[in-house]
Amino acid sequence: MHHIIKYISHCFSVVLFFSIIGCSKDTNDSINDLSKAIEETDTYDIEKIQAIEVLKQTLNHDSVQDLRKQFKIYEKLFHAYEVFRYDSAFVYALKLQNIANLLEDKDLKASAKINFGYILVSSGMYKEAYDTLNTIQLQGVSNHIRAFYFGLSARYYNDVANYDNHAYFSNNYNNIANRYLDSSLILSSQGTFFNRFSKAFIQSQKGQLTDAYNDLHLILQDKQLPFHDYAITAFNLANLYEKNGQMERAIYYCTQASIADIKSSTKETAAIAKLAGLLYKKGDTKNASLCIKKANDDAIFYGARQRKIQIGAVLPLIEGSVINEMEAQKHNLYLYGIVVTFLLVLVIVLIITVYKQVGKLRTERNKVAEAHRQQQEINAQLTEANRLKDDFNNQLTETNEELWEANRLKDVLNHQLTEAIGKLVEANKIKEAYIGYYFNMDAEIFTKFEKFKTDIDKKLSEGKLADVRYILKSHNPQKEKEALVKNFDTIFINLFPYFVQDFNTLLKDQEQVKLKTGQLLNTELRIFALIRLGITDNEKIAQILGYSVNTIYMYKTKMRNKSWVANEDFDQKLVDITTLKN
């Protein structure tokens, strides 16, 4: 039911895609927030991918043998991908249909086909979407599934009307879409987000703009509203403001919708593409170019054919304007060059004139200078004597400075030697500690293994297979792994008692690591503890900690992004943590 709202949102968005909009101070602030959100796109996408990976891992659990449980997990994965990546959503839509057919459940069959039809519409495959919608059987299906179907049908006919773009046919398609919307609203539950949003949308379609404004603003006042619901509501509110000629508010809410789409990793969206068109009409080609490039990247990433066509109509215009502005700047620079050249010629003429006047003055002064030549010779001799004295003083000063520099270099070398010795001592302490740790753990593991082997041999010789199974089940590798990790944490903190505090100094104040009670290190700190010990290879770290290489890379990237230190300097700052116990 939730993404029927997205269907309705698209119905309203595509019609107003090329509108003109103004700007205000609030709008400029929101554009700055949007630029920051675009820069952080990868961070939000990583969080989305992590959530999807968690869902995928549940498929490998023993309890997911039941088909209905599998259906629920596949449905969650489909919804995670439906506005994020078309090809993945397509795969899970097919899986949902297969399971629904095996279960022979009418609701599940209809729901699976509707999901399949949704991504076909979202990707611009209208012929295939039409064929799919015509195969859905609604007889005996629950009301919320029927509402789901009617919402998708409304989205389909609105999209086709916009794609057709013919006054006669488009009007007919829009009328059909409105009838489906009315049916969907009747079947929806009162007070739900879908019901409230659908009501406001239908009011806007019927020209009841004041009621639509009020209802949409009430929805946005909900502090618990998810990002995606917020984006849909804000985008349609922007369309209403634009329709009413209030362009400053329109661009503000369109920008807020785009920010919410980025934070929810929504790639199948029209908000940022429309915002690019509005900014272009306003003359803000710089931000329009930023938005249309983001919209184009999203459309390519998701695989939405119709979005690529819509964006392709605007992208050349915006980029052309950017080029025209650059040409205008070049023309202005050319004019500035001409002016500067003229001023330079004028200065040269003035210099030549002054030079001639100076020449005449020099001739007159030479006559006076001759009279004083003898006196100048005597003065020159005195000056030479003073110069020789100054040269001697300068040489003495230089010698003293060279001696001082030599002493300074000696101090620097001594300091570097001291630091090198300190690091060598530190490295030996680490080596001795971990060699001792290794032999202790090796002896402990060997003792456990020897006892384990002895017990197994004894029980086998006695023919007590049930006891053997009990011994095998009582052996818990996960607890052994946790014990190893805990021992690692203990010995590392003994060596680096201030590691957590020193590591936090590399992070921004609001991003610093806070350990739980009794915790010495967490996963992120453990990764960087291994790096501090000289283990920098992701595969080695992954093998030691029992994670995938991608997970290690993700943790490292996430933590470095929280640091105030540049990425290329982060590891060196980490290595400089040397507060070992004496």
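Contact here means heavy atoms within 4.5 Å. The model is a predicted one, where local features need pLDDT of at least 70, side-chain atom pairs count only at pLDDT 80 or more, and totals for chains, interfaces and linings use all residues. Residues are numbered from 1 along each chain as its sequence is written, and side-chain values use heavy atoms, leaving out hydrogens and water.

**Overall make-up**
- The protein chain has 24 helices and zero strands, taken as DSSP runs numbered from the N terminus (helices H or I, at least four residues; strands E, at least two).
- Of its 582 residues, 40% count as buried, that is, under 20% relative accessible area with a 1.4 Å probe, protein chains only.

**Nonpolar cores**
- A nonpolar core is a set of buried Ala, Val, Leu, Ile, Met, Phe, Trp, Tyr and Cys residues joined through side-chain atoms within 4.5 Å.
- The largest has 49 residues, and those touching the most other members are Phe-71, Phe-78, Ile-114, Ile-119, Ile-136, Tyr-149 and Tyr-156.
- Helices α4, α5, α6, α7, α8, α9 and α10 each supply at least two residues of this core.
- Another core, of 40 residues, lies apart from it and includes Leu-225 and Ile-251.

**Helices α19 and α21**
- Helix α19 (residues 477-495) packs against helix α21 (residues 523-532) at about 60°, with axes 11 Å apart; axes are lines fitted to C-alpha atoms over the stretch in contact, and angles run from 0 to 180 degrees between N-to-C directions.
- Val-485, Phe-488, Asp-489 and Phe-492 of α19 meet Arg-526, Ala-529 and Leu-530 of α21.

How values were computed: Buried < 20%, exposed > 50% of the residue type's maximum accessible area, 1.4 Å probe, protein only.
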